[in-house]
Amino acid sequence: MASAGPTTILVIGASGDLSRKKSFPALFAPYCQKLLPEEFRILGFARSRMDTAAFRESIAQNLTCRYTPEESCAEKMDRFLEHCFYSSGEYDSRESFREMGTLLKKLEGGAATNRVFYMAIPPFLFLEVSHSLKEAGLVSPPGTRPWSCAVIEKPFGSDSRTSDELVHAMAEVFSEDQIYRIDHYLGKEVIQN
């Protein structure tokens with residue numbers, strides 16, 4: 001990913017326990033190893049009302065520097081946190097996603113930017129959120145540059161039929177090659193690799 005060009009990682013469900021304890025430490029590790037693009041930002045989105053400073057403080061509590069023992073951990077964390085921002089809103093509100101899109105475009109400064117949508121939310125929200133992202137103009141069409149992709153955590157439905165329904169409905173927004181499905185307990189290792 002280091003050569004991917006400008007990239008924004010949007011963590012939807014960013015104030016949740018698993019995001020704070022697993023996803024953000026998993027993003028910090030490749031940052032420490034210089035595996036993230038030089039120009040990147042992370043935008044957390046969730047219902048919890050807080051500002052960017054409070055968001056940075058909440059995720060800093062779970063960061064560790066086991067991958068860069070020769071450097072000052074505090075300095076490394078501070079530099080990583082400078083790339084982290086927050087926007088609050090409702091998952092079922094298209095207006096919240098339009099507002100997030102406005103902030104995102106400001107943070108990206110009009111540059112062509114790849115986007116990773118990491119959905120750390122319950123499966124029943126995947127479709128609503130995906131359609132809101134598309135409606136806000138945040139999702140790039142398949143096969144274009146800059147690219148977009150969605151990372152969704154399982155479960156993907158309660159059985160084969162509901163899983164198939166989710167796959168077909170998600171295809172209205174993201175093509176199959178734009179969707180990565182992971183187990184959230186394994187997500188930390190996937191992100192690190």
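**Close-ups of a predicted model**

**View 1. Strands E1 and E4 sit side by side.** Strand E1 (residues 7-12) and strand E4 (residues 114-119) run parallel and are joined by six bridges. Helices (H or I, at least four residues) and strands (E, at least two) are DSSP runs, numbered from the N terminus, and two strands count as paired if DSSP finds at least two bridges between them. Across this pair, Thr7 has Asn114 of E4 as its bridge partner, and Leu10 has Phe117. This is a predicted model, so keep in mind that local features need pLDDT of at least 70, side-chain atom pairs count only at pLDDT 80 or more, and totals for chains, interfaces and linings use all residues. Residues are numbered from 1 along each chain as its sequence is written, and side-chain values use heavy atoms, with hydrogens and water left out.

View 2. Six strands make an open sheet with parallel pairing, in the order E3-E2-E1-E4-E5-E6. The edges are strand E3 (84-88) and strand E6 (179-182); each has a single partner strand, so one side of each lacks a neighbour in the sheet. From one strand to the next, the twist averages 20°; axes here are lines fitted to C-alpha atoms (for helices, over the stretch in contact), and angles run from 0 to 180 degrees between N-to-C directions.

**View 3. Strand E4 under cover.** Six of the six residues of E4 are buried, where buried means under 20% relative accessible area, exposed means over 50%, and partly exposed is in between (1.4 Å probe, protein chains only). Asn114, Val116 and Tyr118 point one way from the strand, while Arg115, Phe117 and Met119 point the other way. E4 is also joined to E5 by five bridges, the two running parallel, and there Met119 has Ile152 as its bridge partner.

**View 4. Helices H4 and H5 lie across the strands.** Helix H4 (residues 94-108) lies across E1, strand E2 (40-46), E3 and E4, at about 165° to E2. Helix H5 (residues 126-135) lies across E1, E4 and strand E5 (148-153), at about 160° to E4.

View 5. Phe97 belongs to H4 and is buried, with a relative accessible area of 0%. Leaving aside neighbours within four places in sequence, Phe97 is in contact (heavy atoms within 4.5 Å) with several residues, including Phe45, Val129, Ser132 and Leu133. Phe97 and Ser132 are 35 residues apart in sequence, yet their C-alpha atoms are 6.2 Å apart.

**View 6. Helix H2 has a buried face.** In helix H2 (residues 52-60), the buried residues are Phe55, Ser58 and Ile59. Seen down the axis of H2, they fall within an arc of 90°, so they line one face of the helix; the arc is that of the directions from the helix axis to the C-beta atoms. These buried residues pack against helix H1 (17-32), E2, helix H3 (73-81) and E3. On the face turned away from the buried side you'll find the exposed residues Ala53 and Glu57.
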